[in-house]
Amino acid sequence: MPNTFLFFQHFRLAMLALPLVLCLGCENGTEPETLDPPLFLDIDPATSGLNFTNEIANTEDLNIFNYRNFYNGGGVGLIDINNDGLQDVFFTANMGPNKLFLNEGDLKFKDISATAGIELANKWSTGVAVVDINADGYLDLYVCNAGFRKNSDQKNSLFINQQDNTFREAAAEYGLADAGYTTHAAFVDYDKDGDLDVYLLNNSFIPVNNLNFSNDRERYAEDWKVKNFLKGGGDKLMRNDGGTFTDVSKEAGIYGSLIGFGLGITVGDVNGDHYPDFYISNDFYERDYLYVNNQDGTFTEDIEGRMSHISLASMGADMADLNNDGTPEIFVTEMLPESDYRRKTTVQFEDVNVYQLKQRRGFFHQYMHNTLQLNTGDGTFKEVAQYGGVEATDWSWGALLFDADNDGLRDIFVCNGIYHSLTDQDFIDFFSDDVARRMVLTGKKKEVDEVINRMPSEALPNKMFRNAGDMRFDDKTANWGFSKATFSNGAAYGDLDNDGDLDLIVNNVNQPALLYQNQSSERGADAIQVELRGDEQNTFAIGARVQLNAGSATQYAEVIPTRGFQSSMDYRITFGVSDRSALESVTITWPDGALTTVAPPDSGQLLSIDRSTAEVIPANASSEIDGQAAIAGQPLLQEVPEVPFVAHQEENFYDLLNEGLVIRSLAQEGPAVAIGDVNGDGRDDIFIGGARDQVAQLYLQKSDGTLAQSEQRIFKQVAATEDTGAAFFDADGDGDLDLYVGSGGNFDQANATFLNDKLAFNDGAGNFSFRPGSLPRFGLNTSKVLPFDFDGDGDLDLFVGTRSMPQNYGVPVPSALLENNGSGKFANVTAEKAREFALLGMVTDAQVLSLDDGQDLLLTVSEWGSPKLLRFDGEAFVTIPTNLNDLKGWWYAVESADLDGDGDLDLVLGNVGHNFYLDATAEEPLKLWINDFDGNGTQEKVITHRIDGKDTPIAMKRQLTGEVNSLKKESLKHSVYAKKSLEELFPKGALSKAIVQEANYFSSIVAYNEGGYQFKVEELPLDVQLSCVCGIACTDLNADGRPDVILGGNDGGFRPQFGKMDASCGHVLLNEEKGLTYVPNQQSGLNIRGDIKSIDPITLNERPYLLVTINNQQPRLLAISEALQ
């Protein structure tokens, strides 16, 4: 038994000090009225006979303070124990006997637990796997055990079906009596030798406070210098060697460390090679694992190579095809609440310092929300849960992806609830008191109970999301019959009444288990079910792939019963069918790769296919019919493999530490880039700016189109500055290109020397030098430099866009108009000729363009602002009203081109998109309030969102009271703070004096010019909305004479609470007669991960290329395919 004090130290670290962050709960969102009757009927146990409750009670020996998985609950296994075609039900229990119910038809069940011999009343059972382990044609039960029970152990149990409704325990005989605190197990033939192996998902009992964020991922459990009872953890891969199982974890490349707190395992083929891969969900410390099968008995753990971020406290998981493209998505549950109230009362987000420490220690990007990993077709993933509306479902366990309404698309079901709210913030404040801690440390039940009873216990509805297509999901929780508040953990789906739709069984803590009868078939929904029988040692064909073909439309599923959380599903595959007449065939890819194709049934649901009697095409004679088939044809873009570019390298500076309520960094804006012929040879050369303390680079193009670095002494002189904007132009009228470089980085106060912009003069041969006094002092964060002759006097003047006031986010900051005296000396004439520039806001990009009357206009976009169009009227710049003025976003970029071929310029504008922690609409805008709210001489920046018509702070209570002393003195409870709007927190006088910025529109768009400064706005395709758009180029990629659109983005500069925008690998939109058409990354050839900052056309050796710059990476060069030139 672990020391209580050690566990409680872990508990305090997890809940109070932020290294291990947990959260709890959510509330229902708005949805349509409940169907009467709903799609799922809650069948009373008195009617069904399915009487089971997983009863848990804290005791002096075993409670939440000495066993951190105390409330993790039990699982569900669906098993046809007697081969009568009816799914029987098995429940695991934690502190009581497991139960087995025989399905007698018509949803009537009989408890046969006592005679079946499966109860294990003295063990803490967790997960269940249903498998025919001895290949006798009858399904057996593998029961996982954990916890600490007196006079017992944690050895797992294997119950062999005796074919008479009884079972015999035989785990030791098979080598499967593992005592590793097992959460779940998955049986699959990973090495394709014909028999079933097993992955044991183990949790760990080691006190986390002992780990100190050490990354001991590669140290196996038995090698840890800890007490023996702590060595039971560590995952294991057990190979089936003729009926006994051998631990091959080390040689197979499976981590078996005590830092792996495994809670979920899901199996599937992520890369289309017909070999099973494993996704492992690890709770709150270690990152998740994605094991990719190497086809030789080993695995490569490659989650960092295939995903951009994952959940922090990962729980249950499932893997299935959600968009019917033939590749599986992965859904992982976490504990982020949906409602603002529950977030503020149950969540403490990870601190910036802890997050950075974990990055340095190799724990990857983990964030507190569910993750939905969209398979891109090549086994890599884009995380889209926030776009899909499924990121926040509260303290969630089981995650199941199945077609609940038989419409041909899989939906998402999530089990919710924890019996006591361990992370209730008011409870944590109470528990920080020494008296409360001493009560627990006594170990006496009365005193422990008194503390536990201070934890709230709030049941929550499970969540059901209908797949609306295009990776969007509608909350149908109440509408489909799931309003009951519960403490649910494991769940399983299956056709319990054999009517062609999938019913649900849910295992609850201290509440009766739930049976939900699906009414889809009764409402006329059609389905086809496929039941497989394998051969030899894999009698139920685990790992087989079943594909339903209807022309170009397909559905597929893999026979993998282990899913969700601690549970096992019906082996039969169910496909919802909207039009049976359109069905062409059903194709089975057996576990060894062989194929069978059969006609779909004309009527009825069940299609039984036995490999021993079916026509089978051997694997080596079959053709590719599914998965990630090769993309035919040459991609539009081809990356140049070897380029001379120096990688951009950010310094270790995090400006968020300077402004406590600011949610995003402005220290990662580079690299800046400029393209032009600097040495007069008629060829494009490239300038790429450096980060702070990094020397900028100039690359000269040689006659063969290659690029060579040009040593520039002056670049070294100003390496301490960070380059955030750049432009080549002829500043002094001598016929060559000079170079303006804007400085930024947000690492110093305004007007600091390191924030001065630079102007370098060209001697005509590409050698640059400074001229003192050529620029006025302008020490702000520069974002954009635009040369243009605003006054028509024949020389080039400058627009200098300002990103922000250094270290003072959001406050009004002027951009500048610099007038050229004709010889390269510039004067700041903003006050005289460009007063409107003071209203441009936090400028991110700008263009000089001509729209209707041939006059040069200035177009700017900004954060917390709308696109603004300005003209010089001969005396000063004035703002031109457009119908874009009301679109206030966090705009990142703008580009112009004649996209519709009507002779005028249209606009492409990059915004945040809709896959982010925050969203903004006209009805529910975001606002930024800037004021010295507590009168201490420092301005606070408070972001609000609209809830029930009130502007409500996004910040948690500790965040806001930590910055505003007047609120801290009020000693507000979290539950009180969570209900308060900004008006209820601050006096009217303080709010009336505040500077208020607003955002109400987050879509990236194309704005077609309709004349008169009016635009037709269209949102860019959904793939583009999955991340922000920061770089845009318009150029013809397919030689059809129309400019196509190339986009890039991502932004990783936010606090951990908000995650990062990273679901873009670049986008190509072909400009066709019907409009802009999205081209998948494999076909476009643009597939770059990272924060893309710019995309610029460039000509090398008379061929067109694209130069792509990425923050903190090497720039990339992509050739436009020669076949199309």
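Leaving aside neighbours within four places in sequence, L798 is in contact (heavy atoms within 4.5 Å) with F729, Y740, V785, L786, P787, F788, A816, L817, L818 and F826. The structure is a predicted model, in which local features need pLDDT of at least 70 and side-chain atom pairs count only at pLDDT 80 or more, whereas totals for chains, interfaces and linings use all residues. Residues are numbered from 1 along each chain as its sequence is written, and side-chain values use heavy atoms, with hydrogens and water left out. L798 belongs to strand β52, residues 797-804; helices (H or I, at least four residues) and strands (E, at least two) are DSSP runs numbered from the N terminus. The relative accessible area of L798 is 0%, and the residue is therefore classed as buried (under 20% relative accessible area, with exposed over 50% and partly exposed in between, for a 1.4 Å probe and protein chains only). From F40, L798 is separated by 758 residues in sequence and by 65 Å in space, C-alpha to C-alpha.

The protein chain is divided into domain 1 (40-421 + 457-523), domain 2 (637-921 + 1000-1120) and domain 3 (926-998), with bounds that come from an automatic or database domain assignment. Between the C-alpha centres of domain 1 and domain 2 the distance is 47 Å. Their contact draws 28 residues from domain 1 and 24 residues from domain 2. Together the two domains bury about 2,300 Å², of which 53% is on carbon and sulfur atoms; buried area is the accessible area (1.4 Å probe) that two parts lose on being put together, summed over both. V352, K382 and Y387 supply 28% of the area that domain 1 buries against domain 2, more than any other three residues.

On the side of domain 1 that touches domain 2, the elements giving two or more residues are α8 (352-361), β23 (381-383) and α9 (385-388). Helix α8 gives the most to this side, with 4 residues. The buried residues of α8 are V352, V354, Y355, Q356 and K358, and what covers them includes β21 (366-367). At the N-terminal end, α8 is capped by D351, a side-chain oxygen of which lies 2.8 Å from the backbone nitrogen of N353. Just after α8, G362 adopts a positive phi of about 90 degrees.

Backbone features also occur in loops. L107, in the loop between β4 (99-103) and β5 (109-111), has a phi near 60 degrees, a positive value in a residue other than glycine; L107 is buried, with a relative accessible area of 6%. F213, in the loop between β11 (197-202) and β12 (236-241), likewise has a positive phi, near 55 degrees, and is buried at a relative accessible area of 11%. A cis peptide bond with omega of about 5 degrees joins G670 and P671, and P671 lies in the loop between β42 (637-639) and β43 (673-676).

Technical notes:
A polar contact is a pair of N or O atoms within 3.5 Å; within protein, one must be able to donate a hydrogen and the other to accept it, and residues adjacent in sequence count only if both atoms are side-chain atoms.
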